[in-house]
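Okay, everyone, thanks for coming. Let me put the chain up on the screen, and then I'll walk you through it.

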Amino acid sequence: MEREKLDFFSDLLMEERKKVVKIIEGIDENWSKNIRDAVGNVSSYATHLADLGSDSDEREKETYMLDRELKNLKNIDNALKRINEKTYGVCNYCGEDISHQRLKAIPYAELCIGCKRNEERINNNHKQ
Ligand SMILES: [Zn+2]
């Protein structure tokens, strides 16, 4: 891929990274606030337990979100690494170029659309 296209996708990935980091920081803040609230509110053990109980759905959602965003962050960092190594935009599986259209939609895509579809088909077969 040409230098200027690598630069373009590098910028795109950096923007994406900023967004993801912001989300992760937001989740962390919520968490530390929840923990502070729980710890600061131990006047009665029963209330404390009740608080934790009502929080757990929210906590589960945040754990799921955090997990997802951390995966995104890892994908973005891997893609930035590939830009540095100039292997960016090449399918990990078949070695063909990934279409620019696809990279614009998912700048950290590691597979071309054909291989991605194959992978999804295989995954779906495993589930059945
Ligand atoms: Zn491929």
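**A walk through the chain**

Let's start in a loop: K86 sits in the loop between helix 2 and helix 3. When I say helix, I mean a DSSP run of H or I with at least four residues, while a strand is a run of E with at least two, and both are numbered from the N terminus. K86 has a positive phi of about 60°, although it is not a glycine. For background, most residues other than glycine have a negative phi. Is K86 buried or exposed? K86 counts as exposed, at 55% relative accessibility. The cut-offs here are under 20% relative accessible area for buried, over 50% for exposed and partly exposed in between, using a 1.4 Å probe and protein chains only.

Some housekeeping before we go on. This is a predicted model, where local features need pLDDT of at least 70, side-chain atom pairs count only at pLDDT 80 or more, and totals for chains, interfaces and linings use all residues. Residues are numbered from 1 along each chain as its sequence is written, and side-chain values use heavy atoms, with hydrogens and water left out.

So how confident is the predictor? pLDDT is its confidence in each residue, from 0 to 100. The chain has a mean pLDDT of 86, and 85% of its residues reach 70 or more. Confidence is lowest in helix 2, with a mean of 81, and highest in helix 3, at 96.

Now the overall layout. The chain has 4 helices and 0 strands, running α-α-α-α from the N terminus on. Of the 128 residues in the chain, 26% are buried. Take contacts, meaning heavy atoms within 4.5 Å. Among those between residues at least 6 apart in sequence, 62% join residues at least 24 apart.

Next, the metal. Which residues coordinate the zinc ion? They are C91, C94, C112 and C115, each through its SG atom, at 2.3 Å. Donors are N, O and S atoms within 2.8 Å of the metal (3.2 Å for Na, K and Ca), and since water is not among the atoms, sites may look incomplete. Along the sequence, the donor residues are spaced C-x2-C-x17-C-x2-C. C94 lies in the loop between helix 2 (45–84) and helix 3 (100–105), and C115 in helix 4 (residues 113–127), so this pair ties together parts that are 21 residues apart in sequence. C94 is partly exposed, with a relative accessible area of 37%, whereas C115 is buried at 9%.

And why do we call the arrangement tetrahedral? Because the 4 donor atoms around the zinc ion subtend angles of 105 to 116°. The rule is that four donors count as tetrahedral if all angles lie between 85 and 135 degrees; four count as square planar and six as octahedral if opposite donors are over 155 degrees apart and all others between 65 and 115, and anything else is irregular.

Staying in that loop between helix 2 and helix 3, look at N92. N92 counts as exposed, at 53% relative accessibility. Leaving out residues up to four places away in sequence, N92 touches E110 and L111. N92 and E110 are 18 residues apart along the chain, and their C-alpha atoms are separated by 5.7 Å.

R82 is buried, with a relative accessible area of 11%. The side chains of R82 and E110 are joined by a polar contact of 3.1 Å. A polar contact is a pair of N or O atoms within 3.5 Å; within protein, one must be able to donate a hydrogen and the other to accept it, and residues adjacent in sequence count only if both atoms are side-chain atoms. Beyond its neighbours within four places in sequence, R82 contacts several residues, among them T87, Y88 and Y108.

Last stop, the inside. How many residues does the largest nonpolar core have? There are 22, and those with the most contacts inside it are L13, I76, I83, Y88, C91 and L103. Helix 1 (3–40) and helix 2 each supply at least two residues of this core, and the largest share, 7 residues, comes from helix 1. By nonpolar core I mean a set of buried Ala, Val, Leu, Ile, Met, Phe, Trp, Tyr and Cys residues joined through side-chain atoms within 4.5 Å.

Also in helix 1 is S10, which counts as buried at 19% relative accessibility. Not counting residues up to four places away in sequence, S10 touches L80 and I83.

Notes: pLDDT is the predictor's confidence in each residue, from 0 to 100.
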